[in-house]
Amino acid sequence: MTWQAVAARRVAAGLAALALAPALSAVPAHAQAGEGDLVGGARLEIEALTGTLLPEAEFRIQVRVVNTGAQALEGLRVLGTVHNRIASRYELQQALDDGVVGDLWASYQTDVDPIPPRGSRVVAITRTSEELGFARPDEKFGVYPMRVQVQQFGAAMDEARTSLVVTPRTVAQPLLAALVAPIDHAPALLDANAYEADGLVAAVGAEGRLSRIVTALAQAPAIPITVATNGLVLEEAADLADGFTLVSGADRVDVSPTDRQAAAGQAFADHLDTVVARRPTQHIAFAYASADLVALVRGDMALEANRHIEEGLRAARRLTRGAPTQGILWPPAGLDPETLGMAATAGIDTVLLSERYLNIPRVRDLPLSPSPVRRLRTEAGEPITALVPDPWLEELMAEPPAGGLAAMIQRILAETAVVYFERPNAAQSRGLLLAPPQQWDPPPGMVEELVQRISSAPWLRPATLSTLADGVPPQQSPADLRYPQVERSAELEPAYVAELSQARRHIGSMATVLPTNDIPARLDRIVRAAASSHFRDPTRRPVGARLLRGISASATRLYSAVSVDDQSPVTLTAAEGPVPITIRNTSDTPLRVLVRLNSPRYDFGEDGSREVILPAGQQETLTFRVRPLTPGGTYPIRVTVEDLHGALALANGTVVVRSAVYSAAALAVTVGAGVFLLAWWIYHAVRRRQLRPATS
């Protein structure tokens with residue numbers, strides 16, 4: 001900048017300060033620095049804002065002033081001040097969060113008509129770029145903090161802080177900006193097709209959290225974004241669309257597919273399908289039910305954790321037209337090294353992890369924003385990429401700042417602009433990842449406005465996660481995982497995971513017992529839902545425990561339906577003979593079981609075990625061929641009814657078998673022994689007679 005330009009700028013700022021002096025003089029000096037006491041009685045909301053100022057464009061702001069008191073308000077004025085541009089994100093935080101806005105650059109103001117009690121006024125202000133001191137914006141590109149106040153007779157009653165981004169129409173190397181929209185919800189199914197009114201039913205309703213997201217995305221410009229879906233949510237939404245039982249307290253109401261709430265579930269599914277099927281959209285899948293993968297791996301259920309990753313992909317592929325991208329995982333609460341190794345075996349090569357889950361310097365402590373792409377060190381050496389959301393943007397999207405929707409969106413855009421203006425002439429591509437919480441609850445209007453502003457900001461180029469990972473060079477230093485103790489303490493408890501493991505064994509056993517897999521398929525979905533990380537929440541955990549108890553109860557009812565009938569002793573009249581065994585099934589479904597005989601006294605040949613289907617509500621008598629190893633004896637045979645894997649005994653019984661046949665060898669030995677004993681007795685009898693002395 002030439003000395004003439006510097007002088008002109010100082011003169012303009014001085015004239016603006018002089019013009020503003022009467023308005024600012026009534027405000028204490030410390031208030032002008034951002035720590036002032038506000039009088040109250042009026043509330044200010046920014047309703048619309050042209051936060052991006054292009055060359056030769058006009059600046060517009062629309063604010064609503066609300067009278068919160070019982071008396072009319074007069075002598076009101078809206079005063080806006082633009083302050084010197086900032087050079088770092090730290091300065092932006094100080095300006096917008098702490099009120100340290102710096103020297104005055106320009107100002108604008110307008111009077112407000114009197115406002116009646118509990119009433120409001122909308123005030124619109126328009127200024128040209130020249131009036132705000134941007135006659136030559138090519139020399140002034142950057143981010144300028146801005147304060148908007150409502151004053152009464154010079155005393156500030158309320159204020160909002162925002163910013164103004166001055167930018168050229170085109171830039172040489174825009175930031176790749178990847179926005180991820182999560183579609184997730186806690187497991188909602190209570191029992192057979194029954195859903196609570198305030199759960200998923202409300203979330204996919206016309207004004208619900210998930211419905212707002214997908215409807216806004218369907219109506220917003222088709223730009224490259226990434227949508228992450230939970231397969232359980234997709235399945236449950238399909239349930240709602242087909243009709244369901246609505247539970248509200250003790251009341252249960254059947255909802256048909258034509259009812260309004262079922263139609264809302266169908267509309268949600270349709271809008272989501274529209275979004276993920278669009279060409280610029282990338283579709284990724286959460287692990288099914290957003291499972292607590294770390295707790296599963298720690299509980300010796302690594303295979304189950306692997307299946308959750310695979311089932312999340314299968315459900316997304318089955319229930320939407322947008323085929324999900326394989327290899328990308330967004331875990332619900334970080335990863336430890338063992339779980340990362342499991343994910344690698346499941347085909348995962350990219351993970352989305354917040355900064356707090358990596359041993360890397362905090363963005364806040366660095367002079368320049370780092371790359372969102374990192375390389376992870378793993379124990380097995382697999383190449384894993386970590387995509388790291390910008391932590392400041394992550395916080396902003398989780399808890400939007402006060403001041404209205406326009407101010408919130410402008411704050412997000414300002415953060416991205418500061419990152420760009422840190423290195424506007426960088427030789428390599430740079431990027432940002434905008435990832436809200438997985439339970440994102442954006443205010444109405446936020447999603448469509450954010451997508452619109454990202455698509456129109458010259459310094460941003462919308463991108464998918466894969467484009468970001470491929471297009472931005474990774475940070476040079478590799479990163480290590482960090483699994484905080486607070487996450488470890490919050491995991492699903494070991495006792496809960498043990499119940500989960502037992503329920504999985506029940507499901508596996510029942511799948512072999514039932515000739516058709518209808519019931520195991522339904523129960524399999526329940527046991528997967530019970531592994532959800534949402535049950536880390538102590539208030540939700542009883543729901544998960546109830547799901548697991550339901551599975552155990554179902555298994556117990558099914559297994560207890562099988563019994564071995566008491567039988568009278570069986571007598572074998574030949575060297576080998578039949579032994580009848582009667583098995584009873586009192587359930588209302590056929591059961592496929594394995595009947596096994598066991599005894600050390602009998603040989604069963606190849607007939608010691610037999611697979612059989614027991615008819616529903618009937619008994620079945622099976623005949624086994626047995627051969628006594630020691631004929632002529634009476635011994636028990638143990639009867640066991642098992643699942644086909646032999647992992648679980650469903651029933652036990654005993655049948656007593658007596659052999660009435662002796663073998664020839666045994667008979668010969670017996671006769672020979674008798675003859676020998678008889679000869680021995682005769683011999684000794686004669687001998688005693690010969691030796692007896694003669695009588696006189």
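In the predicted model, the charged end of R610 is placed over the ring of F624, at 4.3 Å from the centre of that ring.

Contacts between aromatic rings were examined next. A search covering the whole structure returns 8 aromatic pairs. In one of these, formed by F134 and Y144, the ring centres are 5.0 Å apart and the planes meet at 75°, so the arrangement is edge-to-face, given that planes over 60 degrees apart are assigned to that class. Because F134 belongs to the loop between β6 (120–128) and β7 (142–152), whereas Y144 belongs to strand β7, the pair ties together parts that are 10 residues apart in sequence. Both partners are shielded from solvent by the criterion applied here: F134 is buried, with a relative accessible area of 0%, and Y144 likewise counts as buried at 0% relative accessibility.

In soluble globular proteins, nonpolar side chains tend to be buried together. In the present model, the largest nonpolar core comprises 74 residues, of which V351, L376, I581 and V595 touch the most other members. Helix α16, spanning residues 494–513, makes the greatest contribution to this core, supplying 7 residues. When residues up to four places away in sequence are not counted, V351 touches L329, L335, L340, L376, I384, T385, A386 and L387; L376, in this list of contacts, is also named among the core residues that touch the most other members.

Note on methods: Residues numbered from 1 in each chain as written. Predicted model: local features only at pLDDT ≥ 70, side-chain atom pairs only at ≥ 80, totals over all residues. Heavy atoms only, no water. Core = buried A, V, L, I, M, F, W, Y, C linked by side-chain atoms within 4.5 Å. Buried < 20%, exposed > 50% of the residue type's maximum accessible area, 1.4 Å probe, protein only. Helix = DSSP H or I, 4+ residues; strand = E, 2+ residues; numbered from the N terminus. Contact = heavy atoms within 4.5 Å. Phe/Tyr/Trp six-rings, centres within 6.5 Å; stacked < 30°, edge-to-face > 60°. Lys NZ or Arg CZ within 6 Å of the ring centre and 35° of its normal.
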